[in-house]
Amino acid sequence: MIKRTDLTEAYGLAHLPAKVALAVTEKPSGGYNLITLEWFMRTSIQPPMFAISIGHTRFSHDCLQQSRFFNLVFPSVGMKPLCAMAGSSSGREIDKFEQGKVEFTWGKLHKLPVLKEAVAVFECEVVTQVRSGDHTIYVGEVRYSWANPEQKLLVYQ
Ligand SMILES: Cc1cc2nc3c(=O)[nH]c(=O)nc-3n(C[C@H](O)[C@H](O)[C@H](O)COP(=O)(O)O)c2cc1C
């Protein structure tokens, strides 16, 4: 029977299984950062757009305030350890590309890394942003898309 409860219990039941993504951003001091995301979505067909919601305390938030580009990466199953690392450590402390021995090629838009093991990567330019409580929603227009049909998408259970 359904009961009234707190948000934590209700959301705990409702949010899994979930697709996760990684967002690549450019660090203000040079180099690149990775963040693991559950809060993202497609928001427009034409032009194609994705929104990502980034906490104000994240280093990725600083990065996006400086450089208005991100690559949205849909990870393959083998990238679960990378998602765990990118989701539990900050680019302020470590270089996640080095730590995760991430293999990549260069993108075409802003030359951000395109992860070779990914299922799909979308190179986005931020066209608008909106504050949402303690997060900022960055809406990016997709300029280039990459796909790896042999890879299987990672889903968090
Ligand atoms: C599965 C998973 C999903 C997450 N989803 C989000 C999210 O949607 N938005 C967000 O700001 N942080 C999210 N996080 C937390 C960040 O990934 C985490 O705080 C990360 O260490 C921030 O890195 P940064 O400081 O280098 O930007 C998630 C973490 C995990 C493990």
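**Figure 1. T136 and the residues it touches.** Leaving aside residues up to four places away in sequence, T136 touches I52, S53, I54, H56, H61, Q129, V130 and R131; contact here means heavy atoms within 4.5 Å. Before looking further, please note that this is a predicted model, in which local features need pLDDT of at least 70 and side-chain atom pairs count only at pLDDT 80 or more, while totals for chains, interfaces and linings use all residues. Residues are numbered from 1 along each chain as its sequence is written, and side-chain values use heavy atoms, with hydrogens and water left out. T136 belongs to strand 10, residues 135-147; helices (H or I, at least four residues) and strands (E, at least two) are DSSP runs, numbered from the N terminus. With a relative accessible area of 5%, T136 is buried. Buried means under 20% relative accessible area, exposed over 50%, and partly exposed in between, using a 1.4 Å probe and protein chains only. The side chains of T136 and H56 are joined by a polar contact of 2.9 Å. Such a contact is a pair of N or O atoms within 3.5 Å; within protein, one must be able to donate a hydrogen and the other to accept it, and residues adjacent in sequence count only if both atoms are side-chain atoms.

Figure 2. The ligand sits in the largest pocket. On a 1 Å grid over the protein atoms alone, a pocket is an open set of points where a 1.4 Å probe fits, with protein on both sides within 12 Å along at least five of seven lines; a molecule sits in it if more than half of its atoms lie within 2 Å of its grid points. Among the 22 residues around the ligand, G55, S60, S89, S90 and G91 come nearest, where a residue is near if one of its heavy atoms lies within 4 Å. Strand 3 (32-37), strand 5 (49-55) and helix 2 (59-66) each give at least two residues to this shell, and strand 3 provides the largest share, four residues.

**Figure 3. Polar atoms facing the ligand.** A polar backbone atom of G55 is 2.8 Å from an oxygen atom of the ligand. For R58, a polar side-chain atom lies 3.0 Å from a ligand oxygen atom. An N or O atom in the side chain of S90 is 2.8 Å from an oxygen atom of the ligand. The protein covers 84% of the 650 Å² of accessible area that the ligand has on its own, by the Shrake-Rupley method with a 1.4 Å probe.

Figure 4. At its start, a side-chain oxygen of D6 comes within 3.2 Å of the backbone nitrogen of T8. L7, in helix 1, is exposed at 68% relative accessibility. In helix 2, the buried residues are F59, S60, H61, C63 and L64. Their cover includes strand 2 (21-26), strand 3, strand 5, strand 6 (69-74), strand 9 (120-132) and strand 10.

Figure 5. The peptide bond from L16 to P17 is cis, with omega near 0°, and P17 is in the loop between helix 1 and strand 1 (18-19). Another cis bond, also with omega near 0°, runs from Q46 to P47. K101 has a positive phi near 45° although it is not glycine, and this residue is exposed at 71% relative accessibility.

Methods. 1 Å grid on protein atoms, 1.4 Å probe; cavity = no way out; pocket = protein on both sides within 12 Å on 5 of 7 lines; lining within 4 Å.
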